[in-house]
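Hi,

Here is the structure I said I'd pass on. Have a look at it first, and then read on for my notes on the aromatic rings.

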Amino acid sequence: MGALNTLRDQIDECDRQLVELLAKRNHITAQVGAYKQQQGQPVYVPSRETELIDARRSQAIAAGVSPELVEDVLRRLMRESYQNQQLGLACVAPHLSPMVIVGGKGAMGQLFKRQLERSGYQVNVLDKDNQSERDSLLSEARCVIVSVPIHAVESVIADMPKLHPECLLVDITSVKSSPLKAMETHHQGPVLALHPMFGPDIPHWVKQTVVVCQNKPCDVASSLLEQLTVWGCNLVSMDAKKHDEAMQIVQVMRHLTTFVYGQFLAKQSHSLEEIESCSSPIYHLELMMVGRLFAQSPELYSDIMLAQFEDVAPLMKEYCEVFQQTFEKLKQNDKAGLIDDFAAAKTFFSDSASTFLSQSKALLSKANDAKVLDY
């Protein structure tokens, strides 16, 4: 054991040096963040990230180290670096202050408030407990962000007092056509419909997708979009109707499937611990995604599913029919039919299937790494 202990001591020393290097790197990235804030530069620069990863992969190959390992470590360090640079962020649209977030005590409202304040904006919150301040706050605002439940968006907008003609009115709900129409009807000034494709628990905004819907682009709206870009967001412009149709699949159908599967599991005789104990890494990931939904707001997910029910009902019906058809083929032991269905679905994924396979392998490895076994 003496030789093994000596080798382990050497590994421990390498690990200690790694920790010291990580601390040094964090200190430097914090300085980078401060510099970017002063110079009004974006947190995320794609070309810099690509250049860094390519250089370190080449170095890894020359040193006989797995380039995939090095890239994996680097990407994790970059994620920490982006988070480390959130303490102070550049402000590119100071004319949007003061801002008001309607529903600013909710989770998403608080997320936007924190981020805007990191960039130096003056942000006021209007919620149920300070309605007496509504008129004064909104009359002075140069940007109003509506962050309320989907079912309340239109009525909240319609009930607003007249805003300053140059005030930018924004909503951040997951349905866009109706809120956009409501904003344009109520406010004669600039309006912008945004859908942040993330939840309130993100550590930073770098690479987070925000869908942008607007009928009349203008400089005031563009300045807020520029701020989102400085934060590192991925902006996707889309027609409001197209957005809502896409969300029927991306959100409503996905949440419906997860919701139903979670209910199904809850009715089984096996405990979650029993199911987890014999789960493969991929099923463990699936359980994580199901559990993630039920760890969040039931009101939010009920609103998302109900908001477009009339429009999405035909999709739900079609989904049930596909499930029933598959069930019938299983009952009939129709292996050829199942293979044909598999091939048809595979055609839809086309070349992306191999990419998804590679990406999922990386996720599965990380999920397996996180296991702690008791002996």
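Keep in mind that this is a predicted model. Across the model, the count of aromatic pairs comes to eight.

Take Phe-112 and Trp-205 to start with. Their ring centres sit 5.0 Å apart with the planes at 80 degrees, so this pair is edge-to-face, given that anything over 60 degrees falls in that class. Phe-112 belongs to helix H4 (residues 107–118), while Trp-205 is in the loop between strand E5 (191–196) and strand E6 (209–213), so the contact ties together parts that are 93 residues apart in sequence. Both partners are out of the solvent: Phe-112 is buried at 5% relative accessible area, and Trp-205 is buried too, at 2%.

The other pair I went through is Tyr-261 with Phe-264. Here the ring centres are 6.0 Å apart and the planes are at 25 degrees, so the two rings count as stacked, the limit for that being under 30 degrees. This one is local: the two residues are both in helix H9 (residues 240–266), three residues apart, which puts about one helical turn between them.

Cheers

Key. Residues numbered from 1 in each chain as written. Predicted model: local features only at pLDDT ≥ 70, side-chain atom pairs only at ≥ 80, totals over all residues. Heavy atoms only, no water. Phe/Tyr/Trp six-rings, centres within 6.5 Å; stacked < 30°, edge-to-face > 60°. Helix = DSSP H or I, 4+ residues; strand = E, 2+ residues; numbered from the N terminus. Buried < 20%, exposed > 50% of the residue type's maximum accessible area, 1.4 Å probe, protein only.
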